[in-house]
Amino acid sequence: MPAAAVAPDVLAKYEPVIGLEVHVQLLTATKIFCGCANRFGSDPNTNICPVCLGLPGALPVLNAKAVEFATLASLALNCQVRERSIFARKNYFYPDLPKGYQISQFDKPLAEHGWIGIPTADGATKKIGITRLHMEEDAGKSLHQGFADSATRTYLDLNRCGTPLIEIVSEPDIRTPDEAFEYLTRLKEILLYTGVSDCNMEEGSLRCDANVSVRPRGQGKFGTKAEVKNVNSFRFIREALAYEIERQIEVIESGAHVVQETRLYNSDEGRTYSMRSKEQAHDYRYFPEPDLPPLIVSPQLLFETRKRLPELPEARRKRMIGEYELTEKDAHTITASRVFADRFEAAAKTARNPRRVANVLLNEVVGRLKALGIEIEQSPVTMAGIVLAADLLDEGTISSKQLKQLFDVCFEKGEDFEAVYERERPRQITDSAAIEKMIDEVIAANPRQVEQYRAGKKTVAGFFVGQVMRASKGQANPALLNELVVKKLEG
Ligand SMILES: [Zn+2]
């Protein structure tokens, strides 16, 4: 059970301080220091060799693609890339680390001094600092479950040994669990846009540890922090932090001291548990890796990498809000993945009116997908179908009411728009005499609105268009109808 809620006035006396450490696996074909396949889901212990097993005499060779990806990520996160960085041995013993050390970077990491902008409640942007981004290798995996003798034995799968990682360490700039959630969401989005990782949390390609402490508001010195490890979704991290903040405040309010330790989050119970005390800090005995030369990222390589930086999510949203007249929320929907945003923009370019494509997508497709609980990739209506619908609407061949009816059919029958349109071809009244007759009737029935129009309130024309469209059961040609309504009212 979660801790008893701390009273709001007590909560308000304290300020949480949160820093995040995120490990991200890079999507290279091979591992960071050997030619073994970097692949998730292979049979255990099949993608291994003397180098990643750490057998005596085996020597690491740095994967250039991993450097390229790490550099690309550094630039996307506004970091300064060091021209000369140093790999270091981080010594510790663990069964899934056969070498007895991890090759990482220590005092000279690849990149430093970056930031990510997150939105604040009042619509401004808060910069969360990134202390460093360094390269390292992943360890293997201990399997504690799933075997007949799991109660007494642990199995090891060393396929993950040597998977290239970047570790991204934030400054302690985060003040609330919501800010932590935003930071992680933005970070993941940026990395996905750069294509350096699939950021799949279920498969462990993005992992997050959080450092959290509280201090009385106004106090400069940080409180004692706890580290929350192994949380496997951003939502759970937000929950774990909220729990941990209240727990620490309760400890302090009771007159005791927060202990520096590592804690695990149990999402079923919504609380954290002490895993191990960190009072004796680890001594990793870092020293420069003697088997690897310094990593040099030349100005030329940096220049080349910068050219490959895609338009990043925040910039893209800003541009698209202007270009397609989108709301902030709609821009988020369309840019949620780079692949989708690319597909949308490629399609919109071919349409008569790109803004109309955005409208149809957001008004007719997104809501229906949500109602069905499916992703855009599974939509029966393709982007080409959306463009066709937008064009038909734009040229006045179908009314928006007919469009809605056609989309209803598409989603009911799981068919693309073109097929449904060709079959149903909604009847259109394009006979101006017939439309004029309907307009006359509506005008005769609404003298007050006619007066308003003639007194200068031109927007009332929309009222008449709507009335006639309804009378025609949505079949009046919209362009013709608009034109004739104005003609009649002016006449
Ligand atoms: Zn290997």
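The expected span of a helix is 1.5 Å times one less than its number of residues, and helices here are DSSP runs of H or I with at least four residues, numbered from the N terminus, while strands are runs of E with at least two. Keep that handy for later. What you're looking at is a predicted model, where local features need pLDDT of at least 70 and side-chain atom pairs count only at pLDDT 80 or more, while totals for chains, interfaces and linings use all residues. Residues are numbered from 1 along each chain as its sequence is written, and side-chain values use heavy atoms, leaving out hydrogens and water.

Which residues of α9 are buried? They are Phe340, Ala341, Phe344, Glu345, Ala347 and Ala348, where buried means under 20% relative accessible area, exposed over 50% and partly exposed in between, with a 1.4 Å probe and protein chains only. Seen down the axis of α9, the buried residues fall within an arc of 165°, so they line one face of the helix; the arc is taken from the directions from the helix axis to the C-beta atoms. Turned away from that side are the exposed Val339, Lys349 and Thr350.

Now for the zinc ion. Cys34, Cys36, Cys49 and Cys52 coordinate it through their SG atoms at 2.3 to 2.4 Å; donors are N, O and S atoms within 2.8 Å of the metal (3.2 Å for Na, K and Ca), and with water not among the atoms, sites may look incomplete. Along the sequence, the spacing of these donor residues reads C-x1-C-x12-C-x2-C. Cysteine 36 lies in the loop between β1 (14-25) and α2 (50-53) and cysteine 52 in helix α2, so the pair ties together parts 16 residues apart in sequence.
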